[in-house]
Each structure stands twice: as structure tokens, then as C-alpha cells.
Amino acid sequence: MDAFLLCLILTFAIALGGREQLIVAQFSESLDASPALIATAVLCACVSAAIMAYAGASMAAMLPRRAAEMLVAFALAIAAFELAWPARVKPMKEPTRSFIAIGAVLVARQVGDAARFAIFAFAAWAVFPWTAAIGGAAGGSAAALLGYSLGLSRLRRLPLRAIRIALSVLMFAAALLIGSNARFQFL
């Protein structure tokens with residue numbers, strides 16, 4: 001249950017202002033908030049969460065306990081780095097109407113983003129990794145729904161860059177603490 005709740009909250013918070021949320025918000029404005037768009041975004045959030053949870057659990061199962069803790073620390077450090085990177089979306093001149101193409105772009109963006117690396121880390125840490133996958137899918141879907149409902153113009157008014165930098169610092173501190181604990185075993 002811990003992995004589900006923590007992953008749900010953290011995935012939603014980290015996905016704020018992320019590339020996939022900005023893409024969904026941009027398509028929401030240009031396609032007049034199509035219901036198929038939000039269905040595609042939610043499906044992509046579920047698929048990417050399942051992929052990353054499976055990857056995290058599979059890799060952690062192959063490693064000894066302390067090495068698995070170090071894997072969690074590395075995943076959080078990668079997520080912190082990706083959070084600090086500015087998220088920009090190019091303006092669309094002629095948006096596609098193919099939801100398969102939109103879905104492919106969303107999944108490709110999501111698999112390498114900070115929120116999915118957090119799902120990877122929680123799945124590697126959790127006793128039941130699918131609770132992290134379900135929580136991550138719900139958090140990612142909620143972030144996509146927020147981008148869909150606000151649209152790009154209203155989403156850009158929020159202080160998303162400051163939120164992402166603050167979360168990046170906190171995630172890097174967590175990665176250092178978990179990595180130090182795996183290395184020196186003091187907690």
C-alpha cells in the first residue's frame with residue numbers, strides 16, 4: 001500500500017509541467033478537447049507505468065539487496081536530472097489527428113521521463129511492484145487529465161519550472177541518502 005500511495009502522489013507531482021503533460025495540453029487546445037485524446041493519454045500513462053514497473057522489478061530481482069538499493073538511488077538521481085532539464089514543446093503548425101501517432105509520441109516521451117523513473121525506483125523497492133505500477137498509472141493519468149482540462153495556455157501560467165526544480169533538489173537528496181545507506185548501511 002505504501003508503494004501505491006507514494007508512487008501515485010510522486011508521479012503526479014513529478015509529471016506536472018513534464019513534456020507529456022505539455023503535449024497533451026497542446027493537443028487539447030488544438031483538437032478542441034477530444035475525448036479520444038484523453039483516452040489515448042490515459043492508456044499511454046498505464047502502458048508506460050507498466051513497462052517501467054516491470055523493468056524496475058526485474059532488475060532489482062537479479063541483484064542483491066544492497067545493490068538493489070543502489071539501483072533505486074541511481075533511478076532517483078536520473079529522475080532528478082531529468083526534472084532539472086527544462087521541458088519545452090515545439091509549437092505545432094499542423095497537428096496530427098492520428099491518435100496512434102500521438103500515443104506513440106507520448107509513450108516514447110514517458111518511458112524516459114522523471115515520473116516513470118520514480119515508478120522504476122518504487123517498483124524496485126516494493127515488495128509487490130505492481131502496486132507501484134498501479135499508483136504510477138493513476139498519478140500519470142491524473143497529470144494527463146490536468147493538462148487536458150487546463151490546456152497549454154493556462155498550464156503555462158502556473159509556476160511549473162520552480163516546482164520541478166524544487167522536486168529535482170528533493171529527489172537528488174533522496175538519491176544521495178538512499179545511495180549512502182546502501183553503501184555504508186547506517187540506516
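A residue is taken as buried when its relative accessible area is under 20%, as exposed when that area is over 50%, and as partly exposed in between, with a 1.4 Å probe and protein chains only. The structure is a predicted model, in which local features need pLDDT of at least 70 and side-chain atom pairs count only at pLDDT 80 or more, whereas totals for chains, interfaces and linings use all residues. Residues are numbered from 1 along each chain as its sequence is written, and side-chain values use heavy atoms, with hydrogens and water left out.

By the accessibility criterion, Phe-120 is buried, with a relative accessible area of 8%. This residue lies in helix α6, where helices (H or I, at least four residues) and strands (E, at least two) are DSSP runs numbered from the N terminus. Contact being defined by heavy atoms within 4.5 Å, Phe-120 is in contact with Met-52, Ala-55, Gly-56, Met-59, Leu-71 and Ala-75 when its neighbours within four places in sequence are left aside. Between Phe-120 and Ile-134, which are 14 residues apart in sequence, the C-alpha to C-alpha distance is 12 Å.

Nonpolar cores were defined as sets of buried Ala, Val, Leu, Ile, Met, Phe, Trp, Tyr and Cys residues joined through side-chain atoms within 4.5 Å. The largest such core holds 34 residues, of which Ile-14, Leu-76, Leu-83, Ile-119, Ala-132 and Met-171 touch the most other members. At least two residues of this core are supplied by each of α1, α3 (35–62), α4, α6, α7 (129–155) and α8, and the greatest contribution, 10 residues, comes from α6. A second, separate core comprises 19 residues, among them Ile-38, Ile-102, Ala-144 and Leu-160. Within the largest core, Leu-83 touches Ile-14, Ala-114, Arg-161, Arg-164, Leu-167, Ser-168 and Met-171, residues up to four places away in sequence not being counted.

Arg-161, one of the residues touched by Leu-83, is found in helix α8 and is partly exposed, with a relative accessible area of 39%. Apart from residues up to four places away in sequence, Arg-161 touches Leu-83, Ala-84, Trp-85 and Pro-86. The C-alpha atoms of Arg-161 and Leu-16 are 9.1 Å apart in space, although 145 residues separate the two in sequence. Pro-35, in helix α3, counts as exposed at 61% relative accessibility, and its C-alpha atom is separated by 9.7 Å from that of Tyr-148, 113 residues away along the chain.

Charged pairs were examined next. Side chains of opposite charge can pair when their charged atoms come close. With a salt bridge defined as a side-chain nitrogen of Lys or Arg within 4 Å of a carboxyl oxygen of Asp or Glu, the count comes to five salt bridges. In one of these, the side chains of Arg-19 and Glu-82 meet at 2.5 Å, N to O, and the pair links distant parts of the chain, with Arg-19 in helix α2 (residues 19–30) and Glu-82 in helix α4, 63 residues apart. Arg-19 is buried at a relative accessible area of 15%, and Glu-82 is likewise buried, at 14%. Glu-82 also forms a salt bridge with Arg-164, the closest N and O atoms being 3.6 Å apart; here helix α4 and helix α8 provide the partners, which lie 82 residues apart. Through shared partners, Arg-19, Glu-82 and Arg-164 are joined into one network of salt bridges.

A further salt bridge is formed by Arg-116 and Glu-20, whose closest N and O atoms are 3.8 Å apart. Arg-116 lies in helix α6 and Glu-20 in helix α2, so this pair ties together parts that are 96 residues apart in sequence. Arg-116 counts as buried at 0% relative accessibility, and Glu-20 is buried with a relative accessible area of 5%.

Grid points are joined across faces, edges and corners, and a volume is the space filled by probe spheres set on the points. The largest pocket has a volume of about 360 Å³. It is lined by 16 residues, of which Val-72, Leu-76, Phe-122, Ala-174 and Ile-178 are the closest to its centre. Two or more lining residues are given by each of α1 (2–15), α4 (65–84), α6 (114–125) and α8 (160–184), and the largest share, seven residues, comes from α8. With Ala, Val, Leu, Ile, Met, Phe, Trp, Tyr, Cys and Pro counted as nonpolar, Asp, Glu, Lys and Arg as charged, and the others, Gly among them, as polar, the lining has 14 nonpolar, one polar and one charged residues.

Conventions:
1 Å grid on protein atoms, 1.4 Å probe; cavity = no way out; pocket = protein on both sides within 12 Å on 5 of 7 lines; lining within 4 Å.
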